[in-house]
Amino acid sequence: SVRSPYGACCYKEMFVRQKIPAFLIRSYQKTPSHCSRKAVRVELLKGKKFCVDWEEGWFQQYRRQKESTSTST
């Protein structure tokens, strides 16, 4: 399948409002600048992908926690 550059964008129906437990998150990636919504694509350990609002409080907390622990990499 051809991956369109918009495959990395988040659309309204892809967003989750509830907090995702940190231990379930495998990785996350900010959406590219061409996307209309500023968001983060979160990939869970089981491979599911969700979109989270970049401003979401729990995500900011998660991100800070990750950055402070991953400085040893």
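What follows is a short exchange of questions and answers.

Colleague: Before we start, what kind of model is this, and how are its residues numbered?
Modeller: This is a predicted model, where local features need pLDDT of at least 70, side-chain atom pairs count only at pLDDT 80 or more, and totals for chains, interfaces and linings use all residues. Side-chain values use heavy atoms, with hydrogens and water left out, and residues are numbered from 1 along each chain as its sequence is written.

Colleague: In what order do the elements of the chain run from the N terminus on?
Modeller: Helices (H or I, at least four residues) and strands (E, at least two) are DSSP runs, numbered from the N terminus. The chain comes to one helix and three strands. From the N terminus on, the order is β-β-β-α.

Colleague: What share of the residues of the chain counts as buried?
Modeller: Buried means under 20% relative accessible area, exposed over 50%, and partly exposed in between, with a 1.4 Å probe and protein chains only. The chain has 73 residues, and the buried share is 32%.

Colleague: Why does Ile-20 count as buried?
Modeller: Ile-20 sits in the segment before strand E1 (25-30). Leaving aside neighbours within four places in sequence, Ile-20 is in contact (heavy atoms within 4.5 Å) with Ile-25, Val-42, Leu-44, Phe-50, Val-52 and Trp-58. Ile-20 counts as buried because its relative accessibility is 8%.

Colleague: How far apart in space are Ile-20 and Val-52, C-alpha to C-alpha?
Modeller: In sequence, 32 residues separate the two. From C-alpha to C-alpha, the distance in space is 9.3 Å.

Colleague: Which residues does Leu-44 touch, not counting those up to four places away in sequence?
Modeller: Leu-44 belongs to the largest nonpolar core. With residues up to four places away set aside, Leu-44 touches Ile-20, Leu-24, Ile-25, Arg-26 and Phe-50.

Colleague: What pattern do the disulfides of the chain follow?
Modeller: A disulfide is a pair of cysteine sulfur atoms within 2.5 Å, and the count comes to two. One joins Cys-9 to Cys-35, with 1.9 Å from S to S. Cys-10 and Cys-51 form the other, their sulfur atoms 2.1 Å apart. With bonded cysteines counted along the chain, the pattern is 1-3, 2-4.

Colleague: How many residues apart in sequence are the parts that Cys-9 and Cys-35 tie together?
Modeller: The torsion about their S-S bond is about -85°, so this disulfide is left-handed. Cys-9 lies in the segment before E1 and Cys-35 in the loop between E1 and E2, so the parts tied together are apart in sequence by 26 residues.

Colleague: And where in the chain is Cys-51, the partner of Cys-10?
Modeller: The link of Cys-10 and Cys-51 is left-handed, with -85° about the S-S bond. It connects distant parts of the chain, 41 residues apart, with Cys-10 in the segment before E1 and Cys-51 in strand E3 (residues 49-53).

Terms used
Core = buried A, V, L, I, M, F, W, Y, C linked by side-chain atoms within 4.5 Å.
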